[in-house]
Amino acid sequence: MKTVIQIALWLLSIFFGYQIYQSVMGPIKFDKIKKERYSAAIEKLKDIRDAQEAHRTVTGKFAKDFPSLIKFIDTAQYTLTQQRDSSYMEYDKVYKIDMEREVKIIDTLGFVPVKDSLFGGSDSYKNLASVPYAQNNEKFDMSAKTINANGFTAPVFEVKVDKSVLLYDQPEDLVANEKAAISVEEVNGPEIKVGSLTKVSTSANWPPYYDTKDNK
């Protein structure tokens, strides 16, 4: 009987020791996995933002979906221009004399494919919609529209992904806490996103940590 009790106590000690270990190491492991997956998703969101800004530069608006954005990257070109000052003489009807007029002349120097400018020789842009680490090949949610901003019509866009898509295999309580995070050092809210559909902004909700080169 004494031996049985000793074995039971040993098993309980091992169980509670494991529980304590998990309570300490679980959040540490979760944080490492979270940052690795967030970093990959955020790098893609940065590429999407760059592509959307290029789309606005060339077309005056943002792409509403990924097929149209990818087609734009594949076919569009930047126009390279040079601005220079010039002048000419023109007869002034008021002063009854020839007067010098100054003008700015814009010369077209050439064209550069958008895909070369943004992605070099890579075709990674063709998979911009896919969320890294997603279990079921989930896609980023992207929308674009125009809004009234101080009396002017302005194009806006937003791209986002729910944190649970990236943390699908992590403990539910830790994921719930992460989605409720509010801190200058964390990605606030339940989603990782860039842009806005309610204001003119291409900013994101991730902290500066994810913009550093050595964030892994």
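Buried here means under 20% relative accessible area, exposed over 50%, and partly exposed in between, with a 1.4 Å probe and protein chains only. The model on screen is predicted, so local features need pLDDT of at least 70 and side-chain atom pairs count only at pLDDT 80 or more, whereas totals for chains, interfaces and linings use all residues. Residues are numbered from 1 along each chain as its sequence is written, and side-chain values use heavy atoms, with hydrogens and water left out.

Select Glu-43 and Lys-46 to begin. Their side chains form a salt bridge (a side-chain nitrogen of Lys or Arg within 4 Å of a carboxyl oxygen of Asp or Glu), with the closest N and O atoms 3.1 Å apart. Glu-43 counts as partly exposed at 39% relative accessibility, while Lys-46, at 15%, counts as buried. The two are three residues apart in helix H1, and therefore separated by about one helical turn; helices (H or I, at least four residues) and strands (E, at least two) are DSSP runs numbered from the N terminus.

Lys-34 lies in helix H1 (residues 2–59) and Glu-178 in helix H5 (residues 172–179), so the pair ties together parts that are 144 residues apart in sequence. Both Lys-34 and Glu-178 are buried.

Then select Arg-101 and Asp-92, which meet in a salt bridge at 2.9 Å, N to O. Arg-101 is partly exposed, with a relative accessible area of 26%, whereas Asp-92 is buried, at 10%.

Finish at Val-94, in the loop between strand E1 (77–92) and strand E2 (97–113), where 68% relative accessibility makes Val-94 count as exposed.
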